Amino acid sequence: MRDDAREKEDELRMAMIHGESYFNFIKMHLLSHFCDHIRQFGNISMYSTELGELAHKTEIKEGWRQSAKNDAARQIVHSYGHQHAIRMRLLNLQSLKNRGAYLSPDVLKHLDRTTSTVSPPVICRRILKRRRSDVSNCNMYTCSGNGTQEQAVQDPLCLVDLYLVYLI
Amino acid sequence: MNRGIGQNKFHRLDRVSASDMYKPDILHTIYLALFKHIMDWIEAFLKKHGRLQAFDEVWKALPPYPGFLVPKKPYHEVTRWQGKEMRNLGLCILGVLALAPRHPGGAQAIPFKRALRCVTALVDFNMMAQYRSHTPDTIAYMEDYLDQFHSMKDIFLEFGVTKRTQAKVNKQ
C-alpha cells in the first residue's frame with residue numbers, strides 16, 4: 001500500500017519535471033541558423049573570438065566613457081567612426097609630412113606625439129578638430145613654393161581628408 | 001519560465017537588422033554550450049541507469065592518437081573546460097557512450113539507443129559544420145542531423161531540470 005503511494009508520488013514528480021522542463025535556451029536555437037549562414041556566406045570558419053572581446057573594451061567601453069550617457073548607443077556607434085576618421089587623418093598628415101608638405105608647427109608637434117608614443121590620441125584629437133577650418137582652406141597643405149594651392153586641392157589624399165573631417 | 005526576446009540596443013539603429021547579425025560561432029554555441037549541456041545530461045542519464053562507473057572506466061582507458069589529447073581526469077572531476085578540450089571530447093564521446101552500457105538490460109536498451117542517436121546527431125552536425133567547403137548535399141545532411149537531434153533530445157528532458165523547477169517540484 002505504502003509502496004503504491006510512493007510510486008504514484010514518483011510518477012507525479014516525473015510528470016511534473018517533464019512538464020516544467022524545457023529546451024528553451026538560446027544556444028539550442030542558434031544551431032538552426034548555421035545552415036542558412038552557410039548557404040549565404042559559405043563555410044563557417046573557426047575564428048578566434050579574441051578580436052571581438054578586445055573590441056568590447058576599446059570600442060564599447062571607451063565609447064561609453066566619451067558619450068554624454070544620454071542615448072549612449074548611438075554615440076558609441078558614432079564614436080568608432082570618429083576614432084577611425086581621426087586615425088585616417090593622422091595617417092594622411094603623416095604621409096603629407098613625409099612628402100615634404102608644409103604643416104604648421106603645432107600640428108607637427110601633436111603628430112610627433114601620436115606617432116612616437118602610444119598615448120591615446122584624445123588630446124590631439126581635440127586640437128586637430130579645432131583646425132577644421134585649416135583643412136577647408138587648405139592652409140595646411142600649401143607647400144613652400146608657387147602654385148601649390150591648386151596642387152593641394154587636387155591631391156586625392158587631401159580630398160579624402162576633407163571628407164573625413166566632415167564626418168567628425 | 002518563458003522570457004520573451006527583448007529589444008536590445010541594436011533594434012533601434014537605422015539600417016541594422018538585429019536578427020541578421022548573428023554569426024555562427026562553433027566555439028561558443030557547440031563546444032562551450034551544447035557539449036557542456038549534453039555532458040551534464042549524459043552524466044545524469046548514466047547515474048540514473050547506474051552506468052557512471054563504466055563510463056569513467058572507458059573514459060580513462062582511451063588510447064592516445066595523433067591529434068587527440070588523452071583526457072587525464074574522469075569527466076566529472078574537471079571543473080573548467082577549454083574549447084580545445086571540448087573539441088577533444090566531441091571526438092571521443094560517442095565511442096565512450098556506446099561502450100558504457102556494454103550489456104544494457106532489456107529495460108535500458110531503448111533509452112540508451114535513443115540517447116546514443118541524439119548524441120550522434122549532434123556530433124555529426126558539429127563535424128559537418130567544420131567542413132571547409134559545402135555542397136547542397138552536405139547542407140541537407142546538416143539539416144537532417146539537426147532535425148534528428150531535436151526529435152531525439154527529449155530523452156534528456158528530465159535531466160535539464162533547472163533549480164527553479166526543482167524547487168517547485170519539491171514544494172508540492
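Both Phe45(B) and Phe159(B) are buried, a word that here stands for under 20% relative accessible area, with exposed meaning over 50% and partly exposed what lies in between (1.4 Å probe, protein chains only). The model is a predicted one, in which local features need pLDDT of at least 70 and side-chain atom pairs count only at pLDDT 80 or more, while totals for chains, interfaces and linings use all residues. Residues are numbered from 1 along each chain as its sequence is written, chains are lettered from A in the order in which they are written, and side-chain values use heavy atoms, with hydrogens and water left out.

**Aromatic rings**

- The rings of Phe45(B) and Phe159(B) have centres 5.9 Å apart and planes at 85°, so this pair is edge-to-face; rings of Phe, Tyr and Trp (its six-membered ring) pair if their centres lie within 6.5 Å, and planes under 30 degrees apart count as stacked, over 60 as edge-to-face and the rest as tilted.
- This pair links distant parts of chain B, since Phe45(B) lies in helix H1 and Phe159(B) in the loop between H5 and H6, 114 residues apart; helices (H or I, at least four residues) and strands (E, at least two) are DSSP runs, numbered from the N terminus.
- Ring pairs join Phe45(B) and Phe159(B) with Phe23(A), Trp41(B), Phe112(B) and Phe156(B) into a cluster.
- Over all chains, the count comes to 11 aromatic pairs.

**Contact between the chains**

- Across the interface, 32 residues of chain A are in contact with 47 residues of chain B, contact being heavy atoms within 4.5 Å.
- The area buried between chain A and chain B is about 3,900 Å², with carbon and sulfur atoms giving 71%; buried area is the accessible area (1.4 Å probe) that two parts lose on being put together, summed over both.
- On the chain A side, Tyr22(A), Phe23(A) and Leu31(A) lose the most area to chain B, together 17% of what that side buries.

**Charged pair and makeup of the chain A side**

- The count between chain A and chain B is one salt bridge, a term for a side-chain nitrogen of Lys or Arg within 4 Å of a carboxyl oxygen of Asp or Glu.
- Glu143(B) forms a salt bridge with Arg39(A), their closest N and O atoms being 3.0 Å apart.
- Helices H1 (2-20), H2 (26-30), H3 (32-41) and H5 (72-98) of chain A each supply at least two residues of the side of chain A that touches chain B, and H3(A) gives the largest share, seven residues.
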